[in-house]
Amino acid sequence: MNNVKALLFLLLAFSFTAAQAQTAQPSAHKAAPTPDKQSSGVATSWRQVPIPALHQFKPQEPRRVQLPNGMVIFLQEDHELPLIDGTIRIRGGSREEPAGKVGMIALYADVWRTGGTKSKTGDELDDFLEAHAARVEASDSADSTFLAWSSLKENYDQVFPVVIDLLENPEFRQDKIDLAKQQFESLISRRNDDIDEIAGRESTKLAYGADNPYARTAEYATIDAITREDLLQWHKRTVAPGNMILGLAGDFDSADMEQKLRQIFGKLPAGEPFVPAKITFNQPRPGIYFVEKNDVNQSDIQMVDQGIDRHNPDYYAVEVMNELFGGGFSSRLFVSIRTRQGLAYSVGGGVGTAFDHSGITRFSMGTKSGTTAAGIDALRKEFDGLIQGTVKPGELKKAKDSILNSFIFEFDSKEKVLSERMRYEFYGFPPDFLERFRAGIEKVTAADVDRVARKYLHPEKMAVLVVGNAKDFDRDLSTFGKVTAIDITIPQKKAEKSGSN
Amino acid sequence: MKIPFPRTLAFVILFSFIAFNLHAQDVASFEKRITVKKLANGLTIVIMERPEAPVFSFYTRVNVGSVQEVAGITGLAHMFEHMAFKGTHEIGTTNWPKEKVALEKVETAYAAYLKEKLKEVNRDDKKLAALEKAWQEAVAAADEFVVPNEFGEIVESQGGVGLNASTDRDETTYFYSFPQNRLELWAYLESERFLEPVMRQFYKERDVVYEERRMSVDSSPQGRLLEQFLRAAFIAHPYGRPVVGWPSDLKAFSATDALNFFHKYYVPANMVVTVVGDVKAAEALPVMEKYFGRIPARPEPEPLRTQEPPQEAVRTVLIHDRSQPLYVEGYHRPDFRDPDDAVYDVLADLLSKGRTSRLYRSLVRDKRIAIAAQGGSFPGSKYPNLFFFFAAPSQGHTAEDMAGPIHEEIEKLKDKDVTDEELESIKTRAKADLIRGLGNDQGLAFQLGEYQALYGDWRELFHQIEEIEKVTKADIRRVANKTFVEPNRTVAVMETEKPKTPPAGPAKGEQK
């Protein structure tokens, strides 16, 4: 739901970028190649350019405070600009909502803020905050809700009370519930307009099962079923210090801030610890799946499977494999399918790695209708090459260098360090997980990559989804096997006459 | 999991309101950390010292965009941007002298093929097939010498992140971030790619770019709408043409065209290179001068001649589409150097920023006819452009339903002064947004580079806020009355086409 919303607010986006290869991770200063420069001092090959040692750098760790009621607070001073930004992450998210009320947590997060507090309407909050160039916004994810705020330092003492008021006295006014429901329903009505949105949504259902809480989608009926009482109950159930992690970054004194926050939150009772529900993840059913979209000239192809979680000892080898196979500019998929064959602008993917459940292994590409089958062939050929072949030492080195040399960008700002720490705290990972990550990557060998490729990539077990315009395909999809058509017709609202709630 | 190539949704309007306000002493603190130098060849270097972490970001901004294209080569500015990742005489080749010869043969073969293909009379299909084969064989022969994507591979394996580039109507930009100890390596790589770019694998990359067109325009409802909208709004000025290019041109232009375009527009005087991060100007400047100084000075290209003539009647585009409805209308407005530029910025904020904005409150909150509504300037700023109003109708409403309520808001702007609170609030936000944009290397590099390129002085970034500060209620009414008049309006409407047969699910995996 959130993605759809984001999409709509960027509806006019219209820019053309070459390609985005984003790497995420580690550093090591490899021995610099011997400087062998000409007298002018200008290198004539990149290999001649000296690479000195990286400046010493110790990232500033946030101050961690745990209150007796269990609430964890991280304080990260950053005096560069006169700003203070904060986030509270609260346990419990959309994966907990009842199947008959999918969309409830998204609606909750929306109306938590727009519905105002007992003493102030959401509109009054809007006026107040905008006048101070401040923001307080709630959001949601599968496992959490968030309340985040940002203000100039000079307005912090006026803005933070709004946060507290929203935590303690949210009102969830009915008019804003109605408005949000109308917007959510409009988003449902728009969800089949864009092939990438269709492909993302339907392939996730194929990977996890259509009823899985990470995959299921809101419908008119599930939105209709949500009541104000549901939102109040959810708030009561989750918003308690024992379920919250607060992170604050900016221009403040942390000793002073700690005192203030202790006074505000320390007096509150811990609340019931949030116990997440057990979730079942179905294995994808292998085969070819097809969604007809006859107003496009490009197909979106997705191949999906279940991946791993980050506790898995193979995590590091998988990350290296992902980098060399489907990661950046020099990955096999990019070089073969985009650069050499010119089949796609967008192609890539990898084995999914989530913190507390199996991520989705996903490989995707967009190719013209007339090369849809050729695109699937090309992806499969690359899988076969990786699974049946062996990784070359040079290829391994490139992938590891890419992760290790860019490692510094994992913690090159105080805000990044803070959000990493909050994430580890939330998922129960050790605070030095980043360091372990670096060490883990360094140890990965070519044999490890070969092994994990065979262990986690099973093209024959993957679900292959094509969203596109069949009349222009180069080959009938049935030449790949039995084709299962997916009906994406949006279930219509029940007759309006029954009245609303 | 990494998602390799998301479309960068860098929408122009979001950047048009980068106005800022800091106190004099803050500007002074930037003065101390910023060094600007124009090299002998005309290239401008901007360095800002910001030693927060041992990294730096850069932003190369070239004063060339799709507005420089003429019929037959639309999309070429963007195509060249892709080619700037293909390497040089040193990078991406196993044997440059031989590859050079092979690439020349490709061009000769392609020219012969294209000439036959475009013949208006007496085209010989047999000959055409033979010429196409000869061209493809020449391509295959040249490919023998290619080390694919070596440029990107070096950047990535050396720790570069965010490697990307972007082409718009007004400018082409290149950027990524590196660990601080790779400054010299970066200076080598970045200067080298504009010193001797090689058009290798050009025709495969042209296919890639065509896929980008299919993704962003042909297969995207809003892409289809906006292409038609701009086409209608501009009849003479190149803002009316798609950045990605027309299909015919994407299937015709050559590597030779791309190199000619490069030589004409990628002249050092047309480039600003900005570096922000853990660098010392005293050390970085000589390094940058050494490498970027290698690019030979060339004459500056001629300025654009064509101007959009005044619009004298409403223009309307109506698209019947299978998608849900969308509405956009636009009014011609002057370029960024106009004295009223800041007034348009204030209007954009007033209409669009947050839940207190007028379009949100009217169309979304009160009338509940739209799920999103906004206004702002588009699609460029260097030349007279458009002030647009956009809305996505909520379920059950047509695109046409948007027109009345949008015009009501427009009339309000013309007839009634904005309140003191509204105006004050906008000015406060302008100041805060400026500050929020100063907290990271990449954002700073983008902004400093943009202002240095557009105004010839990065300080304009800070002075802009004073212009916002000066905007009065009367200015807003005057500009609204001047701009939002019917003959100056272009409307593009996308309405949902009623399916002729019920939209049953796909019959089966049948095709062809």
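Visitor: What should I know about the model and its numbering before starting?

Guide: It is a predicted model, where local features need pLDDT of at least 70, side-chain atom pairs count only at pLDDT 80 or more, and totals for chains, interfaces and linings use all residues. Residues are numbered from 1 along each chain as its sequence is written, while chains are lettered from A and ligands numbered from 1 in the order in which they are written.

Visitor: Let us take chain B as a whole. How many helices and strands does chain B have?

Guide: Helices (H or I, at least four residues) and strands (E, at least two) are DSSP runs, numbered from the N terminus. Chain B has 19 helices and eleven strands. Its C-alpha trace spans about 70 × 65 × 50 Å along the principal axes.

Visitor: What does the radius of gyration of chain B agree with?

Guide: The radius is taken over C-alpha atoms, and the globule rule is 2.2 Å times the number of residues to the power 0.38. For 512 residues a compact globule would come near 24 Å, and the 25 Å of chain B agrees with that.

Visitor: And how many of the residues in chain B are buried?

Guide: A residue is buried if 20 or more other C-beta atoms lie within 10 Å of its own, exposed if 12 or fewer, and partly exposed in between, with C-beta atoms placed from the backbone. In chain B, buried residues make up 54% of the 512. Of the contacts in chain B with a separation of 6 or more, 81% are between residues 24 or more positions apart.

Visitor: Now the two chains together. How many residues of chain B are in contact with chain A?

Guide: On the chain B side there are 102 residues, in contact with 105 residues of chain A. Helix α8 (residues 202-218) of chain B gives the most to that side, with ten residues. For composition, Ala, Val, Leu, Ile, Met, Phe, Trp, Tyr, Cys and Pro count as nonpolar, Asp, Glu, Lys and Arg as charged, and the others, Gly among them, as polar. The chain B side divides into 38 nonpolar, 35 polar and 29 charged residues.

Visitor: Into which domains is chain A divided?

Guide: Domain bounds come from an automatic or database domain assignment. That assignment gives domain 1 (63-266) and domain 2 (287-485). Taken over C-alpha atoms, the centres of these two domains of chain A are 31 Å apart. Between them, 17 residues of domain 1 of chain A are in contact with 23 residues of domain 2 of chain A. On the domain 1 side, α6(A) gives the most, with nine residues.

Visitor: How do I read one helix? Which residues of helix α8 (residues 228-238) of chain A are buried?

Guide: L231(A), W234(A) and T238(A) are buried. The buried residues of α8(A) pack against β4 (83-91), α2 (104-114) and β6 (144-152) of chain A.

Visitor: How many residues of α17(B) are buried?

Guide: Twelve of its 15 residues are buried, so α17(B) is mostly covered. Elements covering them include β2 (44-49), β3 (55-62) and α18 (460-470) of chain B. Just after this helix, G456(B) takes a positive phi of about 75°.

Notes. Two residues are in contact if their C-beta atoms, placed from the backbone, lie within 7 Å.
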